[in-house]
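Me: I have a structure open and would like to go through a few points of its packing. Could we take them one at a time?

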Amino acid sequence: MKDYIYVDTDLATSYFAQINRGMISKLLSNETTSDTGTNNGGTEKTGEVAGNIAFASGKYTSKEVDTFSQAFMKSSSEVVENVLHDYLIDMLIDSIETKNDGNYNEGDFIVHTSEIKVFDFGSMKEGISKKTLEGINSIIPEMKEIRAKISELRRNKSKQQSEVILLKNLEKQIDLSMFDDIGKFIQTLDKFFPDMIIMKIGETISLCSNANLRFPPATLNPINSSTRKVTIFGQVISKVIKDSRELPSDPMEILSKANTVLPEIFLNAINIKKDGEYNVRPIAIYFE
């Protein structure tokens, strides 16, 4: 049984269709539901009518109409489609030659299982900021006590040396200026990866669109502390190497490659990406 975290249905459908020359995309059932719509269809017949008081003579066209009702429920339809898509992943894995030995080449399809780390810069941007942390500190009892002690020490004009040292230490504890720089750094990363979450599974790094997540982004944070291993099914794009972080010397090449090189530099600087790891295009990520 798979507990899906992420599924790129369009990509999975595309691969499966290429292998099998098309695939079923809809499932029809006869279940009775509450929402109905009417569709009309039929055949047209042409004839002639003689003139009289009400009608002029000439040809007429009539349609014999067959009316039928289609019943459907949107929520049920979505559930059925999700079931089909989930089973599609199993069929696709069975249809493609995959590797799981940790020694991958570009273009390899892999089924790789390991620990997971989730990096959501969009949520971090909102949560790690000086303004947010000041609001949190204002309601924490310990921080209130520290602020009260600081106010008391500052009012004392004839402080002893020990009190001066204590005041400086307490002021450091409530100093949040460093978070301004951290916040700006995270905002930059969020601009590089808009509406995406980075998932690192073992030695693989994947950019995951928020639109394909089965978990709401806010509920992904506990996964970082989970002891369960996660499996990624996807295709290797490239291997992480030092050259991918080097800006060219030509100004025109710098402009053309800066948008790809700078994210690599940032992710390497905070140890999310390391040389020898793999950039993977994810098809599905799941617990087993």
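This is a predicted model: local features need pLDDT of at least 70, side-chain atom pairs count only at pLDDT 80 or more; totals for chains, interfaces and linings use all residues.

Me: Which way do strand 9 and strand 10 run, and how many bridges join them?
Reply: Strand 9 (residues 230–239) and strand 10 are antiparallel, joined by nine bridges. Phe 233 has Ala 284 as its bridge partner in strand 10.

Me: And how does strand 1 pair with strand 10?
Reply: Strand 1 (residues 3–7) runs antiparallel to strand 10, with four bridges. Ala 284 of strand 10 is the bridge partner of Val 7.

Me: What about strand 8?
Reply: Strand 8 (residues 204–209) pairs with strand 10 in the parallel sense, over two bridges. Ile 205 stands opposite Asn 279 there.

Me: Is Asn 279 buried or exposed?
Reply: Asn 279 has a relative accessible area of 14% and therefore counts as buried, the cut-off being under 20%. Of the 10 residues in strand 10, nine are buried.

Me: Which residues does Asn 279 touch?
Reply: Leaving aside residues up to four places away in sequence, its contacts include Gln 235, Val 236 and Lys 273. Gln 235 is 44 residues from Asn 279 in sequence, with a C-alpha to C-alpha distance of 8.7 Å.

Me: Changing topic: at what angle do helix 5 and helix 6 cross?
Reply: The axes of helix 5 (residues 141–155) and helix 6 (residues 161–174) cross at roughly 140° and come within 10 Å. The two helices are therefore oblique to each other, and the crossing is left-handed.

Me: Which residues make that contact?
Reply: Among them are Ile 146, Ile 150 and Leu 153 of helix 5 and Leu 166, Leu 167 and Leu 170 of helix 6. The contact residues comprise eight nonpolar, one polar and five charged.

How values were computed: Residues are numbered from 1 along each chain as its sequence is written. Side-chain values use heavy atoms; hydrogens and water are left out. Axes are lines fitted to C-alpha atoms, for helices over the stretch in contact, and angles run from 0 to 180 degrees between N-to-C directions. Angles under 35 degrees count as roughly parallel, over 145 as roughly antiparallel, 65 to 115 as roughly perpendicular and the rest as oblique. A crossing is left-handed if the near helix is turned anticlockwise from the far one by less than a right angle, and right-handed if clockwise. Contact means heavy atoms within 4.5 Å. Ala, Val, Leu, Ile, Met, Phe, Trp, Tyr, Cys and Pro count as nonpolar, Asp, Glu, Lys and Arg as charged, and the others, Gly among them, as polar. Buried means under 20% relative accessible area, exposed over 50%, partly exposed in between (1.4 Å probe, protein chains only). Two strands pair if DSSP finds at least two bridges between them.
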